[in-house]
Amino acid sequence: MAVTISAAGAGGRLGGDPVVNDFSIQVATVNGSGSQSANLVLLRSIFRMGIPVSGKNLFPSNIAGLPTWFTIRVNKHGYIARKAQNELVVAMNPETIVQDEAALMPGAVFIYNSDLKFTPSRADVVAVGVPFGSIVASTCQEAKLRKLVTNMVYVGVLAQLIGIELDEIEAALSKQFKGKQKAVALNFDAIKAGAEWAKGNLSLEVPYRLERMDRTQGKIIIEGNRAAALGCLFAGTTVVAWYPITPSTSLCENLIGYLEEHRLDPETGKATFGAVQAEDELAAAGMVFGAGWAGARAMTATSGPGISLMNEIVGLAYFTELPGVIFDVQRVGPSTGLPTRTQQGDLLALYHASHGDTKHPVLIPATPQEAYEFAYQAFDLSERFQTPVFVMLDLDLGMNSWMADPFPYLDSPLDRGPVVTADALSRRVEAAPEGAKHDVFGRYRDVLGDGIPERTLPGTPHPLAAYFTRGSGHTSEAKYSEKPEDYTWLVDRLARKHETARKHVPSPVEDWRGAEVSIVSYGTSEHAAQEARDLLAEQGISTNYLRVRALPFAQSVKEFVKKSRRVYVIDQNRDGQMHDLLRLEIDPADAPKIRSIRHYDGMSLDAMSIVAPVLEMEKH
């Protein structure tokens, strides 16, 4: 059995002080090879040892056969953003093994499949050849099953090399293959074989080690899409209309699963919800707003191309003032772009979706817990303001594995907004003076001066309850009108309603320290930004921080910029969309303070992509 170890002492790491609970592991495999199970077992095993972790899956946009990478960030301090480079790499894919080796940082450990026709060439890394084929053959007698468990061998090799506890691996396997004891045993045998091989054939001590901690007690691992689906369930969603598109599909799939479990009539067993896979995104949006008009809480989920198709119906809903929630799980655009990579490229498209003078509330979660809570809140806002509300996630949050505290039970009363019931209409009629009893309700009247009209629901049993909803120009009574004064009154009222929403959307998170430098981020940039702030502090640069959590901006966002001296705005898009939006909405006198940091290569943001440009610009 061949063993290849080269470059002992590479990078000065071997024999030096070990790096404990602070490194990144990357596994390079072939899409469709079953590696996801092995990678999740690896992630969960480390998590079960009490060590903070996060997992990111970088996968191709075809069905199978192309390269895929899975990265696990291990960090005792709780940093969960992607690192630009990895300390440990497992290379199983012959198509990428050369580039995987070339991308290694000096001192890295490179575990590769020695069955491949590959000769290590880096002198500054530790290369460890592992004969995966013979190891798996020794433990799995059925040839057709070997392919399914080969990836588990590297779990065992890593367990031996860096100290993953086999008991925790077995527990993680039991969760991964819940109720399938035969599969658990088969895969655990392969893991043990990998560990035994490493124990018997590798005498080196790699410089990266795991030691049990207590930082994950009571926490969970969950994807953002699943968290958002839970929020929809708690919010009382009964209508889901959607068209599958990466990376949003799992949000609707999870929600439908929850509805099938929790939205059944207890007596008949029949579903009390509707889930429709529409013919396209435009149709899905139409179903959502139709259901919203009828009084249901309805949602859809899509990505950038779907948002483009939905624009027409979003404009109709905005102008007719119908509730409905749209989740945008962003990917790289434009067009098909990079459909399995992450970006924050839809910010302006969502804020101004449709044509003419439109602005929409946009909620921007950064964590699974916020995805859960904002999903719940989005339905309240949508009904309160009778308008489309967007929840803007991205692929990184939606599809990757994040550590989170257990979610709170959401039991606040649902906010249905100013819905006028039949009883209320009757009371108004009784109280109205003679001659005005038929004028107690007008669909688009601004009753309180906040831009928000009242609404009735179709089917309300009162002769004054019915109303027409119009996508063309109309009066406060929903009557057709092309008069200039009626149109300007209408769009000004809609703008007033948007201003009212400014006080109701999630407020920003702010950490003001009176520093010279301020940083503004939004969405998943939060994780790299927080790590970057600590790294900058080590360089002697203290920072103030604000994370925007919604549009329209809260007043405190403008105040933050006003009191700052220099503001770095972090965008994960080429054109700096948040940067530009801030400059449009703040006091023009503050615009010169703002500098843009942009990250847009499809990879999730890492801390050094913030630190390096800040350090460079602070020189000037």
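## A buried charged pair

Arginine 82 and aspartate 606 are both buried, where buried means under 20% relative accessible area, exposed means over 50%, and partly exposed lies in between (1.4 Å probe, protein chains only). These two residues form a salt bridge, with their closest N and O atoms 3.3 Å apart. A salt bridge here is a side-chain nitrogen of Lys or Arg within 4 Å of a carboxyl oxygen of Asp or Glu. The pair links distant parts of the chain, 524 residues apart: arginine 82 sits in the loop between β5 (67-75) and β6 (88-91), and aspartate 606 in the loop between β23 (594-598) and α19 (608-618). Helices (H or I, at least four residues) and strands (E, at least two) are DSSP runs, numbered from the N terminus.

## What you are looking at

This is a predicted model, in which local features need pLDDT of at least 70 and side-chain atom pairs count only at pLDDT 80 or more, while totals for chains, interfaces and linings use all residues. Residues are numbered from 1 along each chain as its sequence is written, and side-chain values use heavy atoms, with hydrogens and water left out.

## More salt bridges

How many salt bridges does a search of the whole structure find? The count is 38. As a general point, side chains of opposite charge can pair when their charged atoms come close.

Aspartate 511 and arginine 513 make one of these pairs, with the closest N and O atoms 2.9 Å apart. Aspartate 511 is partly exposed, at a relative accessible area of 23%, whereas arginine 513 counts as exposed because its relative accessibility is 55%.

Another bridge joins lysine 562 to aspartate 587, and here the closest N and O atoms are 2.7 Å apart. This pair, too, links distant parts of the chain: lysine 562 belongs to helix α17 (residues 555-563), and aspartate 587 lies in the loop between α18 (577-585) and β23, 25 residues away. Lysine 562 has 40% relative accessibility, so it counts as partly exposed. Aspartate 587 is also partly exposed, with a relative accessible area of 35%. Some bridges share partners, and in this way Arg297, Asp380, Glu383, Arg416 and Arg455 are joined into one network.

## The overall build

Now for the whole protein. Its secondary structure comes to 19 helices and 23 strands. The C-alpha atoms fill a box of roughly 100 × 70 × 40 Å, taken along the principal axes. The radius of gyration is 28 Å, which agrees with the value near 25 Å that a compact globule of 620 residues would have. That radius is taken over C-alpha atoms, and the globule rule is 2.2 Å times the number of residues to the power 0.38.

Of the 620 residues, 56% count as buried. Among contacts with a separation of 6 or more, 75% come from residues 24 or more positions apart; a contact means heavy atoms within 4.5 Å. The accessible surface is about 25500 Å², and 52% of this surface belongs to carbon and sulfur atoms. These areas come from the Shrake-Rupley method with a 1.4 Å probe, and for residues only the protein chains shown count as cover.

Where does serine 564 lie? This residue is in the loop between α17 and β22 (566-571). Serine 564 counts as buried because its relative accessibility is 3%. Leaving aside residues up to four places away in sequence, serine 564 touches Trp512, Ser518 and Lys593.

## Backbone details to look for

The bond from threonine 246 to proline 247 is cis, with omega near 5 degrees, and proline 247 lies in the loop between β11 (239-242) and α8 (249-262). The bond from leucine 551 to proline 552 is cis as well, with omega near 0 degrees; proline 552 is in the loop between β21 (550-551) and α17.

Next come two phi angles. Asparagine 21 has phi near 55 degrees, a positive value in a residue other than glycine. Its place is the loop between β2 (19-20) and β3 (22-30). Serine 335 also has a positive phi, near 50 degrees, and is found in the loop between β14 (324-330) and α11 (347-351). Are these two residues buried or exposed? Asparagine 21 is buried, with a relative accessible area of 3%, whereas serine 335 counts as exposed at 63% relative accessibility.
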